[in-house]
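Me: Hey, I'm new to this one and would like a quick walk through it. Can we start with a term I'll need, and then go to the details?

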Amino acid sequence: MRIAVCVKQVPDTTEVKVDPRTGTLIREGVPSIINPFDQYAVEEAVRLRDAAGGGEIVAISMGPPQARSVLIHSLALGADRGILLSDRGFAGADTWATALTLALAIKKAGEFDLVLCGMQAIDGDTAQVGPELAQLLGIPQITCVDKVDLDGKKVVARKLVDEGFEVLEAKMPVLLTFMTPSDFVPSNPPFSKISKAQKKPLETWGIKEVDGDPEKLGLKGSFTTVTKVYSPPRREKAVMLEGSPEEIARKLADILGKEGFF
Amino acid sequence: MADPIQVDLEKCTGCGLCVKACPFDAVTVVDKKAAIDERCVLCSACVQACPTEAIRIERREVKVDLSAYRDVWVFAEVGEGCAKGVSFELLGKASELAKELKQQVCAVLLGHEVRRYADILAENGAGRVFVAEHELLARYNTDLYSTVISGLIMKHRPNIVLFPATKLGRDLAPRVAATVGLGLTADCTGLSIHDGMLLQTRPAFGGNIMADILCPHTRPQMATVRPNVMPKPVPRRGMKAGIVDVPVKIDQKSIRVHVKEQVKTCAVGGKKIEESDVVVAGGRAACEGDGFEVLQKLADELNGVVGASRVAIDMNRKPKSVQVGQSGITVSPKLYVVCGVSGAIQHTVGMRGSKLVVAVNTDPGATIFEFSQYGIVGDLFQVIPALTAEIRKRKGR
């Protein structure tokens, strides 16, 4: 069983604070972490590899040199090999150019039975790279999966849909994107595993190593262009309603009635 | 290769505004000049912030004839026996965009025996409806739907294609985008026409920043659009659309993913939380005693549904299908009443698109009040029943 798992380094958006005076992001002291959905994908990769009786998990991350730390983390969780896709020519990639870069790297790294991704990254929240990557690799996709098992050469995955969930089956190779189940507690690898992870193979690949065309990757290969980044319009401070529960209820009913809610 | 982002050292005054503007911590001032390191993702925040126009990003300039691409398309998602509400929201927005471009609104309708929905799409703004019917399309399948829609796009060359940012839309749209080899912007909360192009606005960083995005050199311009953000149009009764029958050639063999089981977990006979105008949500405090029943009574009076923060799902008080937040769903109702939720970003990211937020919390310092228009420091077990009673009284019961 060979599994490729795509991981991204993201700022811990739960730690991002907005400067109340200027309305801009305060990035100082915000830790960089592995995207939580990707952490689940790595842990599932390890479980599936072991259930299949062994194999190889290749963790792949595209990002600046600092993103190496999420690969070390993935190796400590049990991945066997890491590939860091880092090149200034990859920078500024939209989801299409990102998926294209990952597809080139995965093809270069050999044949895979499974390609696993987090459903979305918590900094961009697009959920587009997984399906785009599946199409570029020419394999089927099952998105928004919270549970998966193997059945011979097939995977059986529980996919969350708008109405509830579906149990889907597909022959490998297939790409899955993971949503974390509510009872998921991410493992924190102990120091011994982190130090062992440092000895596992971890390569850095650039445009040359993935046989990429610099005109088709990064900012140049992107179809969409960010023209402006700004703070969302700030809400006025909440109006606090005071009094006895009955007084508050009357005030609130006035407001909700005026807005036509009943 | 030269870095696409360059600082003109003669123009740079070392003022440091770019350092503050950078969301990625990639800019520093070294020897009184801005220096950009490899953490830069070319988001252009520094370019906008620079008062002396010292920072430039080299972009691809391609000149292609884009005038051959016309019309604004909406993928009409079909639910239980009807087109979904979000389809109407998209048609409303598409009508606005098409009017400005002097082009037509077209709906794309896929399924089995779905032709009967063409009229209601017309009444909500579609001038033309592409109808692709096949029994294998009765149930959503990524490959089949993507194949049919990609074929239509390549043949008819629309200018803009909008998909709903539902779970289905977010599974389908990127597959289509990669099939036709085009750009796609996710989960937009704003769309407008800017210099003849589609200006797409979306939140990022858990809603902490907004980004404006263009797709300058290729057509169609494609986006998924967040449900419950765009207003539904006022239907124009009796309107008819031109129907375009789409020949569908697909067979069982092209299905690579098979459905073994389907389980509907959303409230039986009830409204789905994403489509509800009113959501009454509870957190830890609502997990005590009959907290969620108390909330349900208020929701019933307001014709709304009950939502929950993650803790209530972990404690088995509410099903996963009503979990609002990062690992749950995103809602943007007209009214969000939130009780006993502290306001951690994991929750607020799922509700900050709500129009009117009323928060009830015993802690006056709770972060949730920063996301609310009205706040009540108090116990939900006192405030909510009083409110429910007051509303009942005013309704004359």
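Predicted model: local features only at pLDDT ≥ 70, side-chain atom pairs only at ≥ 80, totals over all residues.

Me: OK, which strand of chain B does strand 15 of chain A join up with?

Reply: Strand 22 of chain B, residues 374-377. Two bridges link these strands, and they run parallel.

Me: And what's the bridge partner of A:Val239 in there?

Reply: That would be B:Tyr374, in strand 22 of chain B.

Me: Zooming out, how many residues does each chain put into the contact?

Reply: Chain A gives 90 residues and chain B gives 109 residues.

Me: How many salt bridges does the rule find across the interface?

Reply: Three, between chain A and chain B. One of them is formed by A:Lys159 and B:Asp171, with their closest N and O atoms 3.6 Å apart.

Me: What about polar contacts, how many residue pairs are there?

Reply: The count is 33 residue pairs between chain A and chain B, with both residues at pLDDT 80 or more.

Me: Which element of chain A supplies the largest share of the side that touches chain B?

Reply: Helix 6 of chain A, with ten residues. As for the kinds of residue on that side of chain A, there are 47 nonpolar, 22 polar and 21 charged.

Me: Change of topic: where does B:Glu123 sit?

Reply: In helix 4 of chain B, which covers residues 118-123.

Me: Is B:Glu123 buried or exposed, and why?

Reply: B:Glu123 counts as buried because its relative accessibility is 15%, and the cut-off for buried is under 20%. Leaving out residues up to four places away in sequence, B:Glu123 touches B:Val234, B:Pro235, B:Arg236, B:Arg237, B:Gly238 and B:Met239.

Me: Last one: how many residues of helix 2 of chain A are buried?

Reply: Eight of its ten residues, so helix 2 of chain A (residues 68-77) is mostly covered. Among the buried ones are A:Val70, A:His73 and A:Leu77.

Me: And what comes just after helix 2 of chain A?

Reply: A:Gly78, which takes a positive phi of about 130°.

Methods:
Residues numbered from 1 in each chain as written. Chains lettered and ligands numbered in written order. Heavy atoms only, no water. Contact = heavy atoms within 4.5 Å. Salt bridge = Lys/Arg side-chain N within 4 Å of Asp/Glu carboxyl O. Polar contact = N/O pair within 3.5 Å; in protein donor to acceptor, adjacent residues only side chain to side chain. Helix = DSSP H or I, 4+ residues; strand = E, 2+ residues; numbered from the N terminus. Nonpolar A, V, L, I, M, F, W, Y, C, P; charged D, E, K, R; others polar. Pairing = 2+ DSSP bridges. Buried < 20%, exposed > 50% of the residue type's maximum accessible area, 1.4 Å probe, protein only.
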